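Here is a short report for a first look at this protein. Keep the structure open while you read.

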Amino acid sequence: MEYLSMVFLQVVAPILIMLMIGAWLQWKFSFNLKALSNLITYCLMPAAVFINIYETEVNAGILGSITLYLLIFSACLMVVSWLLGKILKLEKKESAIFSNSIVLINSGNYGIPVSQMLFYANPLGTSIQIIIVIFQNIMTYTYGLYNLISTTKSGLDILKSLLRLPLVHALIIGALMNYWNIGIPISLRIPIDYLANAFISIALITLGAQLAQLNLKTIFNKLILFSTFGRLIIGPLLAFGLITLMGLDGVVAQSLFIASAFPTSRNSSTLALEYDVEPNLAAQIVLFSTVVSCLTVTVVIYLSNIWWG
């Protein structure tokens with residue numbers, strides 16, 4: 001019960017409050033959601049990705065083990081989403097949103113607070129979560145973007161669309177500057193920090209504005225329920241099996257297992273809005289999985305303490 005209240009009050013409740021603010025502002029002012037989406041995708045999100053990658057320092061040995069785990073785990077989730085999509089007989093656009101909702105995880109504004117709350121006495125737990133955030137960023141702007149773009153484009157057009165995105169440039173530049181330890185002039189660093197700090201709040205307000213336009217009675221449909229089941233139930237089950245097979249233990253095992261239970265990434269909704277691929281469906285999935293995760297994440301935290309605490 002203690003974990004349930006902590007997860008809800010420190011993670012879920014703040015997200016829900018930001019969503020409600022966004023919904024209220026949309027009802028009052030009727031924002032241009034496409035313009036907000038462009039602001040996030042072409043300005044705020046690249047800054048956040050760049051800073052996130054530029055500032056991360058990780059032990060090479062731990063990085064190797066975690067990267068291998070994340071690659072296998074993500075591949076398993078892709079297979080699960082494909083199989084469930086075939087069972088549901090989804091259309092192309094629905095299938096893209098469905099796959100992203102299972103594979104892409106909210107490791108940033110959900111995962112980081114949870115890790116800081118649980119591993120405040122052991123910085124390794126939070127460091128592992130930062131690795132996962134970076135990996136999820138890469139997954140979002142490669143696999144996730146490909147899923148959405150491929151619904152309307154094919155072949156070389158997909159590659160051109162990806163390479164034109166400032167997100168990809170920010171990711172590459174941030175990684176190179178981190179590797180070679182290149183400093184940033186203060187006159188550039190300050191505005192980049194401003195943009196990066198604005199990302200989460202504007203993204204959540206935009207998601208809330210999207211939700212204000214939805215009929216929430218439609219949230220209890222088969223696709224959303226299957227998506228949430230895949231993300232919050234099958235994900236942790238796969239993670240437990242993989243962690244056991246790889247012989248991981250201690251804080252590393254705990255961190256990876258807990259991270260597998262986080263809800264669908266809010267970025268999946270932002271990208272769906274940007275490329276106009278079932279944006280309402282994507283927003284409903286993010287909302288529903290975030291609320292339900294309050295219970296499932298609590299159970300996973302409890303089990304992680306029993307098995308590896």
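The text below covers confidence, the core, salt bridges, a surface patch and some loop residues.

**Basis and confidence**

This is a predicted model: local features need pLDDT of at least 70, side-chain atom pairs count only at pLDDT 80 or more, and totals for chains, interfaces and linings use all residues. Residues are numbered from 1 along each chain as its sequence is written, and side-chain values use heavy atoms, with hydrogens and water left out.

The score pLDDT is the predictor's confidence in each residue, from 0 to 100. Its mean over the protein chain is 86. In this chain, 93% of residues reach 70 or more. Confidence is highest in helix α10 (residues 222-246), with a mean of 96. It is lowest in helix α7 (residues 156-164), with a mean of 69. Where pLDDT is low, the predicted coordinates should not be read in detail. Helices here are DSSP runs (H or I, at least four residues), numbered from the N terminus.

**The core**

The largest nonpolar core holds 92 residues. Such a core is a set of buried Ala, Val, Leu, Ile, Met, Phe, Trp, Tyr and Cys residues joined through side-chain atoms within 4.5 Å. Buried means under 20% relative accessible area, exposed over 50%, and partly exposed in between (1.4 Å probe, protein chains only). Y69, I97, Y110, I243, L256 and F262 have the most contacts inside this core. Helix α13 (residues 279-308) gives the most to it, with 12 residues.

What does I97 touch, leaving aside its neighbours within four places in sequence? Its contacts (heavy atoms within 4.5 Å) are L148, A272, V277, E278, L281, A282 and I285.

S107 is in helix α5 (residues 107-118). It counts as buried because its relative accessibility is 2%. Leaving aside neighbours within four places in sequence, S107 contacts I112, Q129, I132, V133, Q136 and F262.

**Salt bridges**

A salt bridge is a side-chain nitrogen of Lys or Arg within 4 Å of a carboxyl oxygen of Asp or Glu. By this rule the count is 2.

| Pair | N to O distance |
|---|---|
| E55 and R189 | 2.1 Å |
| R189 and D193 | 3.0 Å |

E55 and R189 link distant parts of the chain, 134 residues apart. E55 sits in the loop between α2 (33-54) and α3, while R189 is in helix α9 (residues 186-212). R189 and D193 are 4 residues apart in helix α9, so about one helical turn separates them. Together, E55, R189 and D193 are linked in a network of salt bridges. R189 counts as buried at 18% relative accessibility. E55 is partly exposed, at 45%. D193 is partly exposed too, at 23%.

**Surface and loops**

I172, L176, Y179, W180 and I182 form a nonpolar patch on the surface. Together they have about 580 Å² of accessible area. I172 belongs to helix α8 (residues 166-179). It is partly exposed, at 46% relative accessibility.

D276 is in the loop between α12 (266-274) and α13. It has a positive phi of about 55° although it is not a glycine. D276 counts as exposed because its relative accessibility is 52%. E278 lies in the loop between α12 and α13. Its phi is also positive, near 45°, in a residue other than glycine. E278 is partly exposed, at 30%.

E91 is in the loop between α3 (60-88) and α4 (92-103). It counts as exposed, at 56% relative accessibility. E91 and T151 are 60 residues apart in sequence and 9.9 Å apart in space, C-alpha to C-alpha.

Terms used. Helix = DSSP H or I, 4+ residues; strand = E, 2+ residues; numbered from the N terminus. Patch = residues over 30% accessible without salt bridge, like charges linked within 9 Å, V, L, I, M, F, W, Y side chains within 5 Å. Areas by Shrake-Rupley, 256 points an atom, 1.4 Å probe, with all protein chains shown as cover.
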